[in-house]
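Subject: A structure for you to look through

Hello,

Here is the structure I promised to pass on. Please open it next to this email and follow along as you read.

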Amino acid sequence: MRGHLFKDITERRQREYDLQIQAGTDPLTGSPNHFALEQHLPKAIARAGRLGSALAVGVVDLDDFKLVNDAWGHDAGDRLLKALAMRFRSRLRASDMVASLGGDEFVVVIEDLDPLEAVAQLTAALSRLHEAVETAFEAAPGVHAEIGMTMGLALFPKGGHEANDLLRQADIAMYQAKRRKHDRSAWWQLNSTSAPPPDAMEAFDAYGDEARALLSKTAGHFNAICAQFVEPFYSDLESSPTPAASWAT
């Protein structure tokens with residue numbers, strides 16, 4: 001009787017543990033999700049406060065990810081996100097965290113930074129992290145896609161003492177870096193108290209450098225469509241007789 005009771009308790013605890021893991025895990029990438037981040041970040045901030053260390057919170061947005069979905073479909077995009085999450089995890093320390101917030105947005109939490117050397121330490125850590133997008137991804141069999149990424153960062157304690165404050169500052173910094181995607185010196189940017197909010201971003205110029213860069217990445221896809229559909233359409237149109245009456249008016 002006692003053995004059965006012990007077994008029931010063990011199985012119940014295992015089920016509860018499995019549910020907790022599932023609740024804190026993004027089903028697509030296997031990374032911690034928004035719930036896990038909400039649980040982890042306040043504890044990490046409190047830990048940094050006790051130790052007198054600095055902590056960095058980074059908001060990551062992928063560059064040109066939408067082009068992958070548009071060109072090869074959402075299955076290709078999902079495949080890329082899974083591979084990217086694995087690359088992220090392999091380039092971070094066990095004490096750090098990368099959370100998937102859905103879509104192409106990630107949050108990185110980097111702990112145990114020296115307050116006097118935080119920027120230098122971050123530069124080295126983020127250089128390793130950027131290696132995750134320096135090799136093309138297999139979006140579909142025989143098809144490889146290249147993406148980039150933009151990150152905004154906030155430091156504890158300088159950028160705030162609360163999780164929401166740090167995330168907001170990092171998000172603003174990310175949008176600022178995104179605005180200068182084609183002329184910036186680095187793919188990441190620390191938050192600045194003088195930075196305007198995301199709503200102040202300039203309107204997208206459909207004839208500007210960014211638009212040309214986007215179109216150049218999809219040129220092969222559209223050329224293939226033209227060869228497959230457009231050219232045969234006009235060929236059939238030329239070979240089909242057009243009644244004169246249709247042009248009478």
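Aspartate 64 sits in the loop that joins β1 and α3; helices (H or I, at least four residues) and strands (E, at least two) are DSSP runs, numbered from the N terminus. The phi of aspartate 64 is near 70°, a positive value in a residue other than glycine. Its relative accessibility is 16%, so aspartate 64 counts as buried (buried is under 20% relative accessible area, exposed over 50%, partly exposed in between, with a 1.4 Å probe and protein chains only).

Before going on, please note that this is a predicted model, in which local features need pLDDT of at least 70 and side-chain atom pairs count only at pLDDT 80 or more, while totals for chains, interfaces and linings use all residues. Residues are numbered from 1 along each chain as its sequence is written, and side-chain values use heavy atoms, with hydrogens and water left out.

Aspartate 112 also has a positive phi, of about 60°, although it is not a glycine. This residue belongs to strand β3 and is partly exposed, with a relative accessible area of 43%. Another backbone feature is the cis peptide bond from phenylalanine 156 to proline 157, with omega near 10°. Proline 157 is in the loop between β6 and α6 (163-179). As background, most residues other than glycine have a negative phi, and most peptide bonds are trans.

Now to helix α5 (residues 118-130). Its 13 residues should span 18 Å at 1.5 Å a residue, and its end C-alpha atoms are 18 Å apart, which agrees (the expected span is 1.5 Å times one less than the number of residues). Which residues of α5 are buried? They are Ala118, Leu122, Ala125, Leu126 and Leu129. Down the axis of α5, these buried residues fall within an arc of 100°, so they line one face of the helix; the arc is that of the directions from the helix axis to the C-beta atoms. Among the elements that cover them are β1 (54-63), α4, β3, β6 (148-156) and β7 (188-190).

Two of those residues also turn up in the largest nonpolar core, which has 35 residues: Leu126, Leu129 and Met151 have the most contacts inside it. A nonpolar core is a set of buried Ala, Val, Leu, Ile, Met, Phe, Trp, Tyr and Cys residues joined through side-chain atoms within 4.5 Å. Helix α4 gives this core its largest share, six residues. Leucine 126 touches Ile110, Met151, Leu153, Trp187 and Trp188, leaving aside residues up to four places away in sequence (contact means heavy atoms within 4.5 Å). Apart from this core lies another, of 19 residues, including Leu41, Ile45, Ala99 and Val109.

How many aromatic pairs does the structure hold? It holds one. The ring centres of phenylalanine 88 and phenylalanine 106 are 5.3 Å apart and the planes are at 85°, so the pair is edge-to-face. (Rings of Phe, Tyr and Trp, its six-membered ring, pair if their centres lie within 6.5 Å; planes under 30 degrees apart count as stacked, over 60 as edge-to-face and the rest as tilted.) Phenylalanine 88 is in helix α4 (residues 74-90) and phenylalanine 106 in strand β3 (residues 105-113), so the pair ties together parts 18 residues apart in sequence. Both phenylalanine 88 and phenylalanine 106 are buried.

Happy exploring!
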